[in-house]
Amino acid sequence: AEELEDSVFEPFISEIESGLSGKKVVLFGSYDWGDGEFMRTWEERVTQAGAELVTGAGITANLSPDDEVTEALKKAGEELAALV
């Protein structure tokens with residue numbers, strides 16, 4: 001099953017999850033197997049905690065970011081920068 005990494009990332013998300021309500025966040029992850037299911041699970045988890053996804057969805061890359069993913073990440077950064 002595609003899951004968040006157990007020893008570092010899962011504890012990090014668990015620690016901040018209760019403080020996500022009303023926050024705007026960007027999710028990015030890469031994978032080299034499966035279909036990116038982990039991102040759908042992650043999106044659901046943070047939105048259920050009350051966060052708003054800045055780009056409307058998480059951004060995923062299969063292995064390394066290609067040009068499309070790089071552009072999506074730049075757009076996400078611009079959207080975050082406009083919030084301050």
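Me: How far apart are F9 and F12 in helix α1?
Reply: They sit three residues apart in helix α1 (residues 9-16), so about one helical turn separates them. Bear in mind that this is a predicted model.

Me: Okay, and how are the rings of F9 and F12 set against each other?
Reply: Their centres are 5.7 Å apart and the planes make an angle of 45°, so the pair counts as tilted. Stacked would need planes under 30 degrees apart, and edge-to-face over 60.

Me: Why give both a distance and an angle?
Reply: Because a pair of aromatic rings is described by the distance of the centres and the angle of the planes.

Me: How many aromatic pairs turn up in the whole structure?
Reply: A search of the whole structure gives three.

Me: Which residues form a cluster with F9?
Reply: F12 and W42 do; together with F9 they form one aromatic cluster.

Me: Let's move to the core. Which residues make up the largest nonpolar one?
Reply: There are 12 residues in it: I13, L20, V25, L27, Y31, F38, M39, W42, V46, A49, A51 and L53. You'll spot Y31 and F38 from the edge-to-face pair there, and W42 from the cluster.

Me: Which element gives the most to this core?
Reply: Helix α2 (residues 37-48), which supplies four residues.

Me: Where is Q48, and is it buried or exposed?
Reply: Q48 is in helix α2. Its relative accessibility is 63%, so Q48 counts as exposed.

Me: How far is Q48 from S64?
Reply: Their C-alpha atoms are separated by 28 Å, and the two residues are 16 apart along the chain.

Me: Last one: what's phi for L63?
Reply: Phi of L63 is near 70°, a positive value in a residue other than glycine.

Me: Where does L63 lie?
Reply: L63 is in the loop between β4 (59-62) and α3 (67-82). With 52% relative accessible area, L63 is exposed.

Technical notes
Residues numbered from 1 in each chain as written. Predicted model: local features only at pLDDT ≥ 70, side-chain atom pairs only at ≥ 80, totals over all residues. Heavy atoms only, no water. Core = buried A, V, L, I, M, F, W, Y, C linked by side-chain atoms within 4.5 Å. Buried < 20%, exposed > 50% of the residue type's maximum accessible area, 1.4 Å probe, protein only. Helix = DSSP H or I, 4+ residues; strand = E, 2+ residues; numbered from the N terminus. Phe/Tyr/Trp six-rings, centres within 6.5 Å; stacked < 30°, edge-to-face > 60°.
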